[in-house]
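Hi everyone, thanks for coming.

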Amino acid sequence: MCKHLVGSLFGLNIFFLCSNSYAQSVLPEVAVEDSTAHRRTFLSAASPLQQFSSADMQALGIKSVAEALRLANGVTVKDYGGLGGMKTVSVRNLGAEHTGVLYDGVPVSNCQAGQIDISRFSTDNIDAIRMGIGAPTEMLTPASAEPFSGNLYLSTPNDVKTSELKLSYGNWNTINTSARFSRGIINSFINYSHTDGDYPFTLTNGTLKTRERRNNGRTDAVNGEVNVRHTFASESNHPSHLSAKVYYYYSDRQLPGGIVYYNNEAHERLWDENCFAQAKYDAELGSQWNVQVLAKYNHSWNKYFDGNQIDDSGITMHTYRYRQDETFLSMGVNYRAARTNDRLQMAVVVDELWNTLRNNIPEVGHKYRTTTYSTFRIRYHEHWITANASLSYTFLNESRNQKRFTPSVSMSVKPWGEQQLYFRASWRQAFRLPSFNDLYYYRLGNRDLRPERTNETNIGVTYSGKWLGGQISVTADAYHNRVKDLIVAFPTTFAWKMYNYGKVDIRGLNVMAEYSQKSVMVNVGYNLNDARNITTSSNSRYSRQVPYTARHSGNASVIWQNRIVNVGYALQWMGKRYSSLMHEKQYRLPSFDDHNLTLTKILMVGKRQCEVSLMCKNLLDRQYEIIQFYPMPGRSFFVSVKM
């Protein structure tokens, strides 16, 4: 179906950004920002909230959403194989299935796997990346985002007046080219990327070390979108807005797989196709009411080819095809108790989702799911206090119906006059529904699975003030999460099987500091995580840090703007982790530090502005793994030109 759209769409995207209604429905946040500090610290937010602007990402040489989130506090990005591998994001060790993704305010979903591959989102067409931990902060956010423990908000440019052309080239024949066109109320974007993915790495087997290359790592991907936005004037000074988006994505990826000693062969391949059309209408009904309607149709298709499976006759080639279709409708109304201010607001939002999954596995068959999400939100705001509460209800209509209420409360208090010091606290319940793979996948699924339930508690403090002639802001949050009915895979006599079995107790601390002075901005973050399996606490061998969770990790970045060349530096550091609950030597992943450096110069070519960037990734050429047996690329250089 989508393939017939490629010729006319190759960039089509209809939508656009809900900034006016967004500003009306979002609590006014206190933000620390100047001409150099493009990353905002939301001081008055009752729950942790971080943002990266397009200026941040350009200055730091960030080319993907995954790279940006690796610099966010309390966030873990799992990278399966470097340049072309799948990338997922989780907040505070709760798993990627607990993280929602909203693209221009509309949820992105995957009912098959339950997690979103964020590698397909290009930062060339993203105006801001916002990572919220806890309940959504916007009053009219779709109700289906409420059950998630964290939500990733991706926003495309809203008011584009100019056209742009960008070309980037780097090691391993890595090419990225994009173009943005604007005309009237329509703006469109198209992007193509390619990499051979055959970067070198050192293979260590005991005392023997050999120099190898990643095999079967080529990736080609193209995506495009068209956005349309129109404002309807009103004689009563209450305008309404209509925005729409059409989006298309296609990728052809070879999968290098994990490293196997003395066998560099890999024959896996994955094709992905996704297209959707979404529309949004928001309007003010008088001075106290505003309504929002969202609609979306999403089609996804993927094909997985596995040439590694072997039977008695030799290599057996297996091809699996999946098709997902989703229809989404969301309706919300927001009420302001006073005509002149937003002191007290109440909102009701209802979402309806219809999902189907078709595949070529006879034992699984076609699956259907209908889900209804309803949320009531209330917010009170004064200059010294912000209080939020919500109650959500989820009803899943499937082979086995599921019903669940999830409450949430949060508060931020500013106790001392004009001093920018806030204390915040929040408590909420969250859950994640089992995916189609969890329930039905051949010889693995379990149709009796219950949703994972999570209790989350957060207390924090935020401060901003003058220091050494500049502006400093500091945030610190301590949290405690407990997961019940954890969905895990256990081996049985013949195959692995999904069960509700585990319990996980997660405690941690996130600290972040920002300092800006004239043309310099510095950010430093530190994370302390203690995430333990407490299912069988009597057996201390298994009551240890959960896999792929470092007890200590941190990040830092520096942006220095000057007349000669702008400099951006980013660091990610992660302590030792284990790939198994058994903390044995063979499962240990050593700590690593990853340094990136970017130099940017803005030139005038005639009447056109030209931006030239030189980026060095993994400056110290460290070899490390985020997922065991999936080595990340070493030192690489990229040059980028944007006109």
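Let's start with a term: on a 1 Å grid over the protein atoms alone, a pocket is an open set of points with protein on both sides within 12 Å along at least five of seven lines, a cavity is a set where a 1.4 Å probe fits but cannot get out, and lining residues have an atom within 4 Å of a point. Before we go in: this is a predicted model, where local features need pLDDT of at least 70 and side-chain atom pairs count only at 80 or more, while totals for chains, interfaces and linings use all residues. Residues are numbered from 1 along each chain as its sequence is written, and side-chain values use heavy atoms, with hydrogens and water left out.

Okay, the second largest pocket. Which residues lie nearest its centre? They're Gln58, Glu164, Gln609, Glu611 and Lys642, out of a lining of 35 residues. Helices here are DSSP runs, H or I, of at least four residues, strands are E runs of at least two, and both are numbered from the N terminus.

The whole structure has 15 cavities of 30 Å³ or more. The second largest cavity is lined by 30 residues, and Ser109, Asn110, Phe148, Tyr373 and Leu433 are the closest to its centre. Strand E6 (99–103) is among the elements that line this cavity, and E6 gives the most, four residues.

On to the rings. Phe, Tyr and Trp rings (six-membered ring for Trp) pair if their centres lie within 6.5 Å; planes under 30 degrees apart are stacked, over 60 edge-to-face, the rest tilted. There are eleven aromatic pairs in the whole structure. Phe436 and Tyr440 have ring centres 5.9 Å apart and planes at 40°, so that pair is tilted. Both residues are buried, and buried means under 20% relative accessible area, exposed over 50%, partly exposed in between, with a 1.4 Å probe and protein chains only. Phe436 has another neighbour, too: Arg369 lies over its face, 4.8 Å from the ring centre. That label needs CZ of Arg or NZ of Lys within 6 Å of the centre and within 35 degrees of the ring normal.

Last one: Trp467 is partly exposed at 46%, whereas Tyr515 is buried at 17%. That's my tour!

Conventions: Points joined across faces, edges and corners; volume = space filled by probe spheres on them.
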